[in-house]
Amino acid sequence: MLHLRGLLSGVLIAMLAMPGALWAQSASEQAPPQRPQQGGMGGNATGGTFATEYDAQKRPITAGGFVDSGPVVFQDITKAAGLSNWSHKMGTPEKKFIIDTDGSGVALLDYDNDGWLDIYLVNGSTFNALDGKEEPPHAALFHNNHDGTFTDVAAKAGVTNDRWGFGVTIGDFDNDGWPDIFVANYGKNRLYHNNHDGTFTDVAAKAGVALGNWSSGATWGDFDGDGRLDLFVAGYVDFDRNNLPLAGTKAVGYTFCQFRGVPVMCGPRGLKGLPDHLFHNNGDGTFTDVSVKAGVDDKNAYYGFESIFLSIQGNGRPDLVVGNDSEPNYLYINKGDGTFDDQSYASGFALNKDGREFASMGIAVGDYQNNGQVDFAITDFSDDYKVLYRNDGDASFTDVSYQAGIAQTSIPFVGWGDGFLDYDNDGWLDLFMVNGHTYPEVAKYDWGTTFAERPLLFHNVPAGKDRRFEYVPPVKDTGLAAVVPARGAAFGDLFNDGKIDVIINPVDGPPTLLRNVNPNHHHWVELKLVGGPKSPRDAMCATVFLNANGMRMRQDVLSSGSFISSNDQRPHFGLGDATDPGTLEVHWPSGAKETIKLPTADRIYTITEGKGITAVLCNRDVCK
């Protein structure tokens, strides 16, 4: 959330927002006209203040724009699935402080190894709960009942957290074949070790990763190639309860905190940030902080949100990206010697095409062009376009947001979780974003926006030799018309039917489960990868290429993504009308490469390093 504090900052950002910065765009790529920056002191450093936008019924476009008919892609099945009785809570409804409003992540994991994805929803807290004056909000672990419903087993499993929770990442840190859960908190973090019996034990303190203050997004990856998962934890804001960031106080440098001239909560700009931490896995249940040695310690103490280990070049060696709120993003290339090369600016990833920092909240990872290169889509604040970075090769990225078709539609929305997903299984990755404002004050003013907002879906379509995204209008009373104050989101095949679903963790409310009901009959394959002796057991940061249906598609095994969340770690490929599932090329974290011919479409294959196909799921059960 990009919030500047003080007269000088407001003037500088207003200058940066002038349309002259867009002079290099073609006429078809021009941003819509902007009104002069409002608010004066403590303005907000986005692309400017844009004209309000309403639908035909005079509703703000963020909670309107519905159509009567069209393709029905998702349905809200939250209540039917048994999720509606749990509720997220974070701070007070007035959102007086930044800690009240950022929201929490959500993870998809198969915690009991029964072949079906379960759901872990992180919860927030309140000052009264931290002080023992009221019952703390509990995280939820919803066990998948295999019949379309879920049961909350968090208390039995010992993973209620009962702290002020933000991010979550899933990884098998001890290579025992069972997924573990890391929860990033305000206060001490949790590292829940899977006990193999449906329960977990918090070993964060013993492991040396508990930290303190405010951790946000975290990610797992074997950065040094020793076969064990290491842990990176991004730091957000140095939030001191004894020196609360109230407007006009010393905590914010005696500045005003405003949005469009209206007093709002302060931060992150004007507040002190926190450094990031990289923890090396020692192999004995403990970790050592090697941030400085590895060159990823964040000496600038930027406001870190999402972080993702992935092999950008598909060589099994994890690189690292970090989305920083209000500050330049980080892109670190793994040098293969235990250190990283900071290529944030050289790669083009640090800033958008106008040379501006922006509110990097959620990061989607995927090869939307099917050219073997991984691309990034990053959500940010309202009055700014959401950014699509096209990978041009050699870790070089170009902001193509306008020409790709996602920029103008996304400007009114405050974006959080996002993901590349092939919702119609045509073999091309589409883009989904969830949204929700941070300021309750928006309900009182004619700004054309709302606190609760609907999601956005963009369909991947051809555009000459390139690809672009076409906005999918929300049909009323369907999942795309669900208006919620969304934050975290995770994407995965919750029902083992080959279709990617979406689970949303809002701020202050029940989750939203959007089931993929797109009526296409396209074919698909999914993969569960199991690493060999020299790779992490969960094959984290492996890259898979599938040659099928005349295309070469790429998927990566990732522990984190979206907004401080963790998606389904099974690579998923749509095949269109093709019945031949093609041939896999797996690049394992160990550096080994393996080619495997898949025999049949519409299956979930377990691929074990060096052994090929070791199990198959079909019709939601083990194949006979």
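Two strands are taken to pair if DSSP finds at least two bridges between them. Helices (H or I, at least four residues) and strands (E, at least two) are DSSP runs, numbered from the N terminus. The model is predicted, with local features requiring pLDDT of at least 70 and side-chain atom pairs counting only at pLDDT 80 or more, while totals for chains, interfaces and linings use all residues. Residues are numbered from 1 along each chain as its sequence is written, and side-chain values use heavy atoms, with hydrogens and water left out.

Strand β22 (residues 363–366) is joined to β23 by four bridges, and the two run antiparallel. Three bridges connect β23 with strand β24 (residues 387–391), again in antiparallel fashion. Ala377 takes part in both pairings: Ala364 stands opposite Ala377, and the bridge partner of Ala377 in β24 is Leu388. In a regular strand, side chains alternate between the two faces of the sheet. Buried denotes under 20% relative accessible area, exposed over 50%, and partly exposed the range in between (1.4 Å probe, protein chains only).

An open sheet is formed by four strands in the order β26-β27-β28-β29, with antiparallel pairing. Its edge strands, β26 (415–421) and β29 (466–471), each pair on one side only. Neighbouring strands of this sheet are turned by 25 degrees against each other on average, direction ignored; axes are lines fitted to C-alpha atoms, for helices over the stretch in contact, and angles run from 0 to 180 degrees between N-to-C directions. Five bridges join β26 to β27 (residues 430–435), and Gly415 stands opposite Asn435 in β27.

A nonpolar core is a set of buried Ala, Val, Leu, Ile, Met, Phe, Trp, Tyr and Cys residues joined through side-chain atoms within 4.5 Å. The largest such core has 54 residues, and those with the most contacts inside it are Leu191 and Leu529. Strand β13 (residues 230–235) gives the most to this core, with four residues. A second, separate core of 51 residues includes Phe166, Ile500, Val502 and Val507. Beyond its neighbours within four places in sequence, Leu529 is in contact (heavy atoms within 4.5 Å) with residues including Arg537, Val557, Trp588 and Ile607.

The structure holds 40 aromatic pairs. Rings of Phe, Tyr and Trp (its six-membered ring) pair if their centres lie within 6.5 Å; planes under 30 degrees apart count as stacked, over 60 as edge-to-face and the rest as tilted. The pair of Phe127 and Trp164 is tilted, because the ring centres are 5.6 Å apart and the planes stand at 50 degrees. Phe127 lies in helix α3 (residues 127–130) and Trp164 in strand β8 (residues 164–171), so the pair ties together parts that are 37 residues apart in sequence. Phe127 counts as buried at 18% relative accessibility, and Trp164 is buried at 0%. Tyr445 and Trp447 form a stacked pair, 4.9 Å centre to centre with 15 degrees between the planes. Tyr445 is partly exposed, at 38%, whereas Trp447 is buried, at 10%.

A charge sits over a ring if NZ of Lys or CZ of Arg is within 6 Å of the ring centre and within 35 degrees of the ring normal. Arg467 lies over the face of Trp428, at 3.6 Å from the ring centre. The charged end of Arg552 sits over the ring of Phe545, 4.0 Å from its centre.
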